[in-house]
Amino acid sequence: MVTKPKSAAPQQKKSTGMAPKVKKTDKKHNDVIEEKKPIAGISEDTEKVAIRRKNVGYQHTRQEKLNQLGTHKITARLNDADYEKLGDLIEYMNHPRPKKNEHQLIEKYSELLSYLLIMVHKSRILSPESEQAKELYRLHKVVNDLKYNKAHTNNEIIEIMKNKNEIRPKSVFTDNNMYDWNDNIIELLLDIEKLKIKIHKLDKLDQ
């Protein structure tokens, strides 16, 4: 009688001490994830959100400061030589010379431009006080506009002033209505330095 050999008992797998692998599935786990709050339509993690909020706050503060400087914006271009002169002026006003990509350049340029406007206004633009001085200054502005903005010749200006019945500057001093304009009167009204002297005399007479 032939006996079949006994089948060997199944060998047990040795324990490796590691957790059994779990097959990944496409199902979402049930862990609760904190919802990210979008900033400006973009979902970001906490650190980026904080940076974004800080930048937004800075921009609001920055805009308020710029509004305090003024509501008008201008754009200018300078060649290298003029840009160096600009830096000299800024240093003259006790500010560091501007550098590329430096912060707060707008404040420096705005302050400098305001300063230059004041200085030019004091030295070139007249500020009459008396009624006679204001009338003389008005005549200057009319003639200056006709000459430099509308490109009229002196003879054309003379005819225009006569046709408009504009009194000549001497009438401002004498209160006599005289309309006999000539070339010398035009040149006088265009000469800022002479005009300043006459306006100063008129203001003194009114004191």
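Glu84 counts as partly exposed in this predicted model, with a relative accessibility of 44%. The side chain of Glu84 meets that of Arg97 in a salt bridge, with an N to O distance of 3.4 Å. Glu84 belongs to helix H2, whereas Arg97 is placed in the loop between H2 and H3, so the pair ties together parts that are 13 residues apart in sequence. Arg97 is partly exposed as well, with a relative accessible area of 26%. A salt bridge also joins the side chains of Arg97 and Asp88, at 2.4 Å from N to O. For Asp88 the relative accessible area is 41%, and the residue is therefore partly exposed.

A further salt bridge is formed by Asp180 and Arg168, whose closest N and O atoms are 3.3 Å apart. Asp180 lies in the loop between H6 and H7, and Arg168 in the loop between helix H5 (154-163) and H6, so this pair ties together parts that are 12 residues apart in sequence. The two partners fall into separate classes of accessibility: Asp180 is partly exposed at 40%, while Arg168 is buried, with a relative accessible area of 12%. As for shared partners, salt bridges join Glu84, Asp88, Glu91 and Arg97 into one network. In total, the structure holds eight salt bridges.

Helix H2 was then examined along its length and around its axis. H2 spans residues 80-92 and has 13 residues. From the first C-alpha to the last, H2 reaches 19 Å, close to the 18 Å expected at 1.5 Å a residue. The buried residues in H2 are Leu86, Gly87 and Ile90. When H2 is seen down its axis, the buried residues fall within an arc of 100 degrees, so they line one face of the helix. Lys85 and Tyr92, on the other side of H2, are exposed.

One of the buried residues of H2, Ile90, is touched by Lys108. Lys108 is part of helix H3, which covers residues 105-123. With a relative accessibility of 10%, Lys108 counts as buried, because the cut-off for this class is under 20%.

Beyond its neighbours within four places in sequence, His140 is in contact with Leu189, Ile192 and Leu195.

Two loop positions are exposed. Ile74 is located in the loop between helix H1 (46-69) and helix H2. At 68% relative accessible area, Ile74 is exposed. Together with Leu113 and Leu117, Ile74 makes a nonpolar surface patch of about 320 Å². Asp175 is located in the loop between helix H6 (169-174) and helix H7 (183-190). The relative accessibility of Asp175 is 59%, and the residue therefore counts as exposed. In sequence, Asp175 and Gln132 are 43 residues apart, and their C-alpha atoms are 9.3 Å apart in space.

For the protein chain as a whole, the secondary structure consists of eight helices and zero strands. Read from the N terminus on, the order of elements is α-α-α-α-α-α-α-α. The chain has 207 residues, of which 22% count as buried. Of the contacts with a separation of 6 or more, 48% are accounted for by residues 24 or more positions apart. The accessible surface of the chain comes to about 18000 Å², and carbon and sulfur atoms make up 53% of this area.

Note on methods: Residues numbered from 1 in each chain as written. Predicted model: local features only at pLDDT ≥ 70, side-chain atom pairs only at ≥ 80, totals over all residues. Heavy atoms only, no water. Contact = heavy atoms within 4.5 Å. Patch = residues over 30% accessible without salt bridge, like charges linked within 9 Å, V, L, I, M, F, W, Y side chains within 5 Å. Areas by Shrake-Rupley, 256 points an atom, 1.4 Å probe, with all protein chains shown as cover. Salt bridge = Lys/Arg side-chain N within 4 Å of Asp/Glu carboxyl O. Helix = DSSP H or I, 4+ residues; strand = E, 2+ residues; numbered from the N terminus. Buried < 20%, exposed > 50% of the residue type's maximum accessible area, 1.4 Å probe, protein only. Expected span 1.5 Å × (residues − 1). Arc of directions from axis to C-beta.
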